Number of protein chains: 2
Amino acid sequence: MKNFEFYSPTKVIFGKDILSQLGTTIRLYGKKVLLVYGKNSIKATGLYEKVTALCRDAGISLIEYSGVEPNPKLPHAEAGAKMAVEAHIEVILAVGGGSVIDEAKAIAAGACYKGSLWDLYSHKAPIKEALPVIAVQTLPATSSETNQVSVLTNPDTLEKFGARSPHIVPRVAFLDPSLTFTIPLQYTAYASFDIMSHLLEGYFTSTDPFAPVQDGFVEGMVKAVIKGFKKVQVNLQDWDARASIMWAGALAWNGLCNAGVEGAVIPNHMLEHPLSALYDVAHGAGLAILFPVWLRYRKETIIPRILQFGRNILDMEDEIEGLSDTNACDTIISRFADFIRSMGCPSSIAEAGIENPDIPELVRQARTLCGLWGINGYTDKDLETLYRMAL
Amino acid sequence: MKNFEFYSPTKVIFGKDILSQLGTTIRLYGKKVLLVYGKNSIKATGLYEKVTALCRDAGISLIEYSGVEPNPKLPHAEAGAKMAVEAHIEVILAVGGGSVIDEAKAIAAGACYKGSLWDLYSHKAPIKEALPVIAVQTLPATSSETNQVSVLTNPDTLEKFGARSPHIVPRVAFLDPSLTFTIPLQYTAYASFDIMSHLLEGYFTSTDPFAPVQDGFVEGMVKAVIKGFKKVQVNLQDWDARASIMWAGALAWNGLCNAGVEGAVIPNHMLEHPLSALYDVAHGAGLAILFPVWLRYRKETIIPRILQFGRNILDMEDEIEGLSDTNACDTIISRFADFIRSMGCPSSIAEAGIENPDIPELVRQARTLCGLWGINGYTDKDLETLYRMAL
């Protein structure tokens with residue numbers, strides 16, 4: 001284990017009917033509130049009506065800022081920050097999934113920063129201050145509701161970069177699993193795979209000789225997400241299954257699982273960010289395409305970790321007994337790829353509807369992310385091969 | 001899963017040489033500091049010199065308050081709170097194990113409360129305010145460094161009660177595994193078993209039909225503590241093993257593992273608190289004595305959980321194959337008891353040096369705790385039988 005800091009100070013309020021506490025909770029931080037949300041889904045489900053009524057009843061002055069897109073865009077966040085400043089907003093209330101919460105964090109930080117918001121994402125300036133963010137999570141996937149991270153896409157440069165600061169961690173996260181009942185199976189698959197990818201990238205790249213606490217967290221949570229997803233496939237409104245996915249979604253990427261793990265990096269996110277920055281593909285779908293490709297390409301360097309994954313997560317001890325390590329790894333990776341397909345995720349870039357992607361640009365962006373995220377060992381040729389294998 | 005709140009806002013600073021950050025960290029909260037510690041151990045290890053020098057170098061005005069006992073006592077905490085008020089203390093710095101941190105929290109709360117400190121522990125009044133606490137953990141066991149709990153013993157009534165409040169969560173916890181190198185093997189065993197007991201009591205009493213995230217956390221962490229302890233048995237200064245036990249110790253009882261788990265209660269702590277309140281037995285040793293007794297007594301009511309424990313934590317799938325559930329449970333409990341003995345923990349009250357314990361008083365106190373902690377299903381006869389089985 002190596003040195004680390006862990007700080008996830010969000011108060012999580014989890015369960016049924018918890019939104020009744022929304023008004024009083026917001027009032028602890030202020031009463032001029034910017035409600036940030038996406039497009040129509042929270043109106044279609046009735047959540048919009050519920051949230052606005054609860055705020056009204058609590059005497060909260062609510063200004064709305066809607067239109068957050070998946071892979072949220074810099075100009076929209078900039079305009080939101082401008083609005084927050086002009087309206088003397090005291091609290092940012094995010095109602096939606098990871099994209100909405102990420103953009104709410106950007107608005108919260110942007111409202112307290114005089115320069116260009118992109119400075120905070122392109123590592124030109126640190127976030128030193130932000131308005132308080134409160135999150136109502138509707139699409140658990142990114143742990144944005146409990147973590148220090150916000151990811152934005154700059155449409156001018158087509159770059160998708162993240163900012164990181166303790167100032168933007170949501171103060172309170174409302175997690176009501178019943179709000180996720182309406183997520184279609186396909187998007188539940190993408191979100192679940194995003195959670196699994198957050199957990200497994202550090203697990204596969206770990207070079208730690210002994211980190212059983214962290215390995216155990218990952219193994220337990222990945223198995224929980226797999227079990228939960230299988231139950232959701234049977235019943236979209238399975239409360240316990242939705243609850244387990246939601247709780248795993250909040251913890252998978254809040255810093256807990258990778259804390260102190262030597263070597264842990266996120267190569268699959270490094271490969272995926274350029275794809276969803278350049279093309280309109282769901283982040284979780286992109287991750288699902290690239291993960292088995294990455295495993296096949298890097299197999300020889302991570303044999304013990306793939307074997308541990310096969311044994312402890314996929315319960316393949318009996319099936320791989322007697323096989324050579326290489327054959328065992330191939331068997332495990334194939335089983336994983338089969339499972340990903342069975343979730344309903346695409347297994348190639350073509351299957352995601354992207355034809356003739358701009359591989360040099362994908363490589364260029366991935367290269368930048370390797371630098372920003374401290375991921376070593378990938379030449380441009382490696383990156384190109386990985387994208388070609390995923391076509 | 002049932003509704004829950006989870007809030008563990010402590011900033012954890014973990015690893016080698018982290019104490020270099022102590023002075024600047026304390027200064028974020030104030031410069032008049034009460035240093036709370038136990039007896040001589042931090043002087044013997046040189047930690048006292050180090051901490052006081054670091055504080056001096058950071059311009060901190062340090063007042064010392066030593067003499068915290070294992071199972072810390074109310075009058076000592078009351079006197080500490082009085083001293084903190086009189087000296088206009090701004091920050092409580094705890095350097096020690098769970099007892100020291102628990103008493104530091106009591107002092108922090110007591111300094112902000114006008115009535116009798118025992119009010120806050122006997123559920124007569126809630127903690128509404130407390131001075132900030134910063135913890136340097138030296139004996140990981142209770143998660144006091146990251147949780148809302150403080151336990152005190154009242155020597156007048158010989159009651160051992162806990163207070164719980166978000167106001168007493170340490171703001172920052174310094175976790176340097178090398179500070180635990182000097183813990184003798186016997187006390188490492190008690191501390192490790194305390195961690196395991198925190199994890200396993202909720203696991204065994206869970207009636208949740210589906211909580212795989214929480215089950216996975218417990219399974220992973222208990223296995224990690226077992227692996228870590230076995231490495232420490234070989235080498236007291238095994239950094240990775242000490243680090244894993246320390247990290248598990250910080251997370252086992254901070255609310256994460258039981259969050260939302262239906263039915264989860266802590267019967268073994270309910271049985272143990274009276275024992276270490278009445279007799280001078282280490283808390284972890286008391287837990288080690290009582291846990292197998294409790295499992296044998298309640299076996300029939302928790303068969304599926306014992307089987308899951310045997311399979312997923314002790315890896316006994318092959319050994320219990322073909323056995324009846326009852327025989328399988330007996331085999332698993334025996335293996336667990338053997339492991340506890342192999343740790344060097346006592347396996348009866350007599351072995352802990354206690355002769356003719358006052359069973360009616362133990363039962364009376366356990367009865368009170370059943371009420372305070374919401375533990376149902378134990379008659380006085382049950383409690384008496386449990387204590388007698390442990391003699």
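Reader: Which residue follows α14(B), and what is its phi?

Author: This is a predicted model, in which local features need pLDDT of at least 70 and side-chain atom pairs count only at pLDDT 80 or more, while totals for chains, interfaces and linings use all residues. Residues are numbered from 1 along each chain as its sequence is written, and chains are lettered from A and ligands numbered from 1 in the order in which they are written. Helices (H or I, at least four residues) and strands (E, at least two) are DSSP runs numbered from the N terminus. The residue that follows α14(B) is G344(B), and its phi is positive, near 100°.

Reader: What span should helix α14 of chain B have, and how far apart are its end C-alpha atoms?

Author: The helix covers residues 325–343 of chain B, which is 19 residues. The expected span is 1.5 Å times one less than the number of residues. The helix should therefore span 27 Å, and this agrees with the separation of its end C-alpha atoms, 27 Å.

Reader: Where do the buried residues of α14(B) lie around the axis, and against which helices do they pack?

Author: A residue is buried if 20 or more other C-beta atoms lie within 10 Å of its own, exposed if 12 or fewer, and partly exposed in between, with C-beta atoms placed from the backbone. In α14(B) the buried residues are A328(B), C329(B), I332(B), I333(B), F336(B), I340(B) and M343(B); they cover an arc of only 130° around the axis (taken from the directions from the helix axis to the C-beta atoms), which puts them on the same side of α14(B). On the other side of α14(B), the residues N327(B), D338(B) and S342(B) are exposed. The buried residues pack against α7 (185–205), α8 (212–234), α11 (283–298), α12 (303–312) and α13 (317–320) of chain B.

Reader: Which residues are exposed on the face of α16(B) turned away from its buried side?

Author: The buried residues of helix α16 (residues 380–389) of chain B are L383(B), L386(B) and Y387(B); they cover an arc of only 95° around the axis, which puts them on the same side of α16(B). These buried residues pack against α10 (267–278), α11 and α15 (359–373) of chain B. The face turned away from that buried side carries the exposed residues K381(B) and R388(B).

Reader: Which element gives the most to the side of chain A that touches chain B?

Author: Counting two residues as in contact if their C-beta atoms, placed from the backbone, lie within 7 Å, 35 residues of chain A are in contact with 36 residues of chain B. At least two residues of that side of chain A come from each of β1 (4–6), β2 (11–14), α8 (212–234) and α9 (239–251) of chain A. With 11 residues, the element that gives the most is α8(A).

Reader: What rotation superposes chain A on chain B, and which C-alpha of chain A is nearest the axis?

Author: When the copies are superposed by least squares on the C-alpha atoms of residues with pLDDT of at least 70 in both, a rotation of 180° with 0.0 Å of shift along its axis brings chain A onto chain B, at an RMSD of 0.0 Å. That is the relation of a two-fold axis. In chain A, the C-alpha nearest the axis, 1.9 Å from it, is that of P9(A).

Reader: Which residue of β1(B) stands opposite I13(A)?

Author: Strands pair if DSSP finds at least two bridges between them, and 3 bridges join β2(A) to strand β1 (residues 4–6) of chain B, the two running antiparallel. Within this pairing, F14(A) stands opposite F4(B), while I13(A) stands opposite E5(B).

Reader: Is N71(B) buried or exposed?

Author: Phi of N71(B) is near 50°, a positive value in a residue other than glycine. Its place is in the loop between β4 (61–65) and α4 (74–86) of chain B. Because N71(B) has 20 C-beta neighbours inside 10 Å, it counts as buried.
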